[in-house]
Amino acid sequence: MEKFEKLSGIAAPMPMINIDTDMIIPKQFLKTIKRSGLGVNLFDEMRYDADGKEIPDFVLNKPAYRNAEILVAGDNFGCGSSREHAPWAIKDFGIRCVIAPSFADIFYNNCFKNGILPVPLPQDQVDILMEEAQKGANARIEVDLVSQTITTSDGTTIAFEVDAFKKHCLLEGLDDIGLTMEKASAIDAFEGNLSVSRPWV
Amino acid sequence: MSPKTLYDKIWDAHMVHQAEDGTCLLYIDRHLVHEVTSPQAFEGLRMTNRTVRAPDKTIAVPDHNVPTTLDRAKGIENPESKIQVEALDKNAKDFGIHYYPVSDVRQGIVHIVGPEQGWTLPGMTVVCGDSHTATHGAFGALAHGIGTSEVEHVLATQTLIQRKGKNMKVEITGKLAPGVTAKDITLSVIGETGTAGGTGYVIEYCGEAIRDLSMEGRMTVCNMAIEGGARAGLIAPDEKTFEYCMGRPHAPKGAQWEAALAWWKTLFSDDDAHWDKVVTLKGEDIAPVVTWGTSPEDVLPITANVPSASDFSGGKVDAAQRSLDYMGLTSGTPLSEVKIDTVFIGSCTNGRIEDLRAAAAILKGKKVKDGLRAMIVPGSGLVRAQAEEEGLADIFIEAGFEWRLAGCSMCLAMNPDQLSPGERCAATSNRNFEGRQGRGGRTHLMSPAMAAAAAITGHLTDVRDLM
Ligand code: SF4
């Protein structure tokens, strides 16, 4: 997995609540058997009209935000399905950090598995960053995972929380499966007990 | 010993390892797999030379992409869908996991097949790369959706890295009024808590109205826990649960059954257990409901009017306006006057035999309104067979419904069953998101009985008027 330490980039504002996984990547793009290449279809139905032409008003189609690396959004981001295609599409587009007042659980977890940092912040702090993001390409936001801070172009600094284990994995780009396999003997022991305590499993 | 909730008990029984920072490694008893979220996970195993650790605990079935038309034996037309289903065929074979191919009568929606075959049992941990895995919580199992990276993790290690969620109790007291069903309960709870109200929690549903539900109804309730933001919803097992499980192909038998039963009977929340959040609804107060917007929290009784954006506050004002525009609704219109084009009865929320019985009870001797498209997609081949045996299929066909083969179908429209732009659908599925049932399609969620009523009249309808 790609590491995440520090990022300084343009933030795209999406002041909508309940941005769901069907919006992030509609189901017709779930038919792939690969993880890559979904970026062009990120927010597909909001980004393109029925003929496949770009809708100029959509934030990621505006010149200022075409290279956005950060997304600032409303409450309950990523609600809906478990599709990891959502973070795959976000990452493939080039976005590495999503900031919102809250995230749906499964989406939140999926981000960490893909080198994306989701940052939940209180509404008033998201409001500050949303305003900042609306300034367009002139306002770069800096996200520092090591110090757990976000800094705006005018120097305002906002601290954020992140689970220590998840932070560690993201900083180091660690593969969870490898880590768990180091605990194989504990799993063996558990399975040994299981065949006695709940043999029907 | 300190008092525990049901969630606490199942969690503790599956703990393989706990790190100092509270991160846990949880053992997974059952891993359900479908074609959409698994190909990249199997590919990952191949690339790293890993195997499936417990193939006997891993069950796969194609459901999302499969055609549900009667001629599906001739194959899948869409090349990408075809590749995805073929990939599952191959992965199941290569890794030696239990498999129900499209040609098997037991094939169906993964969340219907699991319980039906006795894979899902009380006290288990059940995961699947699908958010509606919450369905299995109806058995008093800890069941939730995972992403594809986690699918790969479970395939390789039979465990999941987890942090414990908080405990939330949703109590539905008293009795339900006639015409009110499990779907109305679960939608009403989301209307009450909002789609983020359960985020970070595991919900336990309890109370008389929940106890009174059949296993099918309980699955409908737990299925939509995720729409309320909770990863999992569960219901303590009782005699109904045990009776449902007994004799299922993969349920324990003989002495093992007795041992299992003895343990299952300890699976309930202790009286003085701690709850981080409690929500109580009176069963009598729940009405038949429909959704009007594009979030499952946009719920109102069928007797209400279409709201206006100004009825809301905060970020919901814009969201409500966007929903109303997308749905093509005018504020103040009685919901019961909203005309529909299509009826879809099916999905892992409401594609079980009881749902079909409820729809048939309304449709018996009636006709689908002229010009309406109406389809019933049973949740599994076995549900379909039973409905035919009970004569329900004849009722549907005589009424003018298409009687389909099992699959997810128009619940998310990955197969050819889709809405066209602007087409309005009365659906028994679980999500009314923009474009969910097809680009520009408009979805109103409701119970099977309500959907059947709408099919007869051609508009959203209070089923109680037809009872
Ligand atoms: S029926 Fe719908 S919600 Fe259920 S598994 Fe299929 S697509 Fe998902």
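Q: Which residues are around the ligand?
A: In this predicted model, the shell holds His64(B), Ile109(B), His111(B), Asp130(B), His132(B), Ser347(B), Cys348(B), Cys408(B), Cys411(B), Leu412(B), Asn430(B) and Arg436(B). A residue is near a molecule if one of its heavy atoms lies within 4 Å of it. By class, five are nonpolar, five polar and two charged.

Q: Why is Ser429(B) called buried?
A: Buried means under 20% relative accessible area, with a 1.4 Å probe and protein chains only. Ser429(B) has 0%, so it is buried. Ser429(B) lies in the loop between β18 and β19 of chain B.

Q: What is Ser429(B) in contact with, leaving aside neighbours within four places in sequence?
A: Contact means heavy atoms within 4.5 Å. The partners include Phe344(B), Ser347(B), Cys411(B) and Leu445(B). The C-alpha atoms of Ser429(B) and Leu445(B) are separated by 6.4 Å, though the two are 16 residues apart along the chain.

Q: How do you know that β15 and β18 of chain B pair?
A: Two strands pair if DSSP finds at least two bridges between them. Three bridges join β15 (residues 342-345) to β18 (residues 424-427) in chain B, and the strands run parallel. Phe344(B) has Ala427(B) as its bridge partner in β18(B).

Q: What makes β17 and β19 of chain B edge strands?
A: The open sheet has the order β17-β16-β15-β18-β19 in chain B. β17 (402-403) and β19 (442-445) each have a single partner strand, so one side of each is left without a neighbour in the sheet. Strands (E, at least two residues) are DSSP runs, numbered from the N terminus.

Residues are numbered from 1 along each chain as its sequence is written, and chains are lettered from A in the order in which they are written. Local features need pLDDT of at least 70, and side-chain values use heavy atoms, leaving out hydrogens and water.

Methods
Predicted model: local features only at pLDDT ≥ 70, side-chain atom pairs only at ≥ 80, totals over all residues. Helix = DSSP H or I, 4+ residues; strand = E, 2+ residues; numbered from the N terminus. Nonpolar A, V, L, I, M, F, W, Y, C, P; charged D, E, K, R; others polar. Buried < 20%, exposed > 50% of the residue type's maximum accessible area, 1.4 Å probe, protein only.
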